[in-house]
Amino acid sequence: MNYTPEELRSICLKRSIFDGYNKKQVNNLLSLIDEDYSRVIKENEEMKSKINSLNEAIQHYKMLEESLQHSILVAQHTSEQIKVNACEKARLITSEAEINATKLLEAANLEIVKSKGKLEEIKSEIFSFKSKTEALLQAQMEILKQISIE
């Protein structure tokens with residue numbers, strides 16, 4: 001406790017010439033000292049308690065920080081894995097699409113070859129039909145020419 005100069009003067013022990021120190025003044029001073037000492041001890045205990053509490057809070061936050069750092073590392077690792085998996089999946093999809101496109105092109109080319117073959121066959125049949133029809137018509141014309149001459 002901080003005392004003003006007036007309080008200190010009133011507290012000071014006054015020595016009487018014949019009796020020594022005044023018991024009442026000594027007891028009052030000891031009482032004040034006891035109160036101040038008790039208050040300081042109490043404040044000291046409160047401060048120690050606060051320090052312990054704050055240290056516990058610091059430890060708690062350090063553990064949270066470590067946990068968050070670990071979580072961030074796990075999240076980074078997971079995101080890298082997802083990225084790698086996505087790239088691999090994209091590569092597989094592209095590869096599959098290229099294979100399917102190649103198969104479709106081969107099937108289309110085969111269909112074109114078949115169609116060309118069928119076209120040539122039809123052309124051949126038309127040529128054959130035309131030739132037979134011409135031959136038949138010429139034969140018919142020859143018959144008609146012979147009929148009109150006779």
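Modeller: Buried residues make up 2% of the 150 residues in this protein, where buried means under 20% relative accessible area, exposed means over 50%, and partly exposed is in between (1.4 Å probe, protein chains only). This is a predicted model, in which local features need pLDDT of at least 70 and side-chain atom pairs count only at pLDDT 80 or more, while totals for chains, interfaces and linings use all residues. Residues are numbered from 1 along each chain as its sequence is written, and side-chain values use heavy atoms, with hydrogens and water left out.

The protein has two helices and two strands, and along the sequence they follow the pattern α-β-β-α. Both kinds of element are DSSP runs numbered from the N terminus: helices are H or I with at least four residues, and strands are E with at least two.

Now to the salt bridges. The term stands for a side-chain nitrogen of Lys or Arg within 4 Å of a carboxyl oxygen of Asp or Glu. A search of the whole structure finds four of them.

Start with aspartate 36, which forms a salt bridge with arginine 39; their closest N and O atoms are 3.8 Å apart. Both residues lie in helix 2, which covers residues 23-149. They are three residues apart there, about one turn of the helix. Aspartate 36 is buried, at a relative accessible area of 14%, whereas arginine 39 is partly exposed at 28%. This pair also belongs to a network of salt bridges that links Asp36, Arg39 and Glu43.

Further along helix 2, glutamate 88 and arginine 91 are again three residues apart, so about one helical turn separates them. Glutamate 88 forms a salt bridge with arginine 91, and the closest N and O atoms are 2.5 Å apart. Glutamate 88 counts as partly exposed because its relative accessibility is 35%. Arginine 91 counts as partly exposed too, at 46%.

The side chains of glutamate 120 and lysine 123 meet in a salt bridge as well, at 3.9 Å from N to O. These two residues lie in helix 2, three residues apart, which is about one turn of the helix. Lysine 123 is partly exposed, with 46% relative accessibility, and glutamate 120 is partly exposed with 47%.
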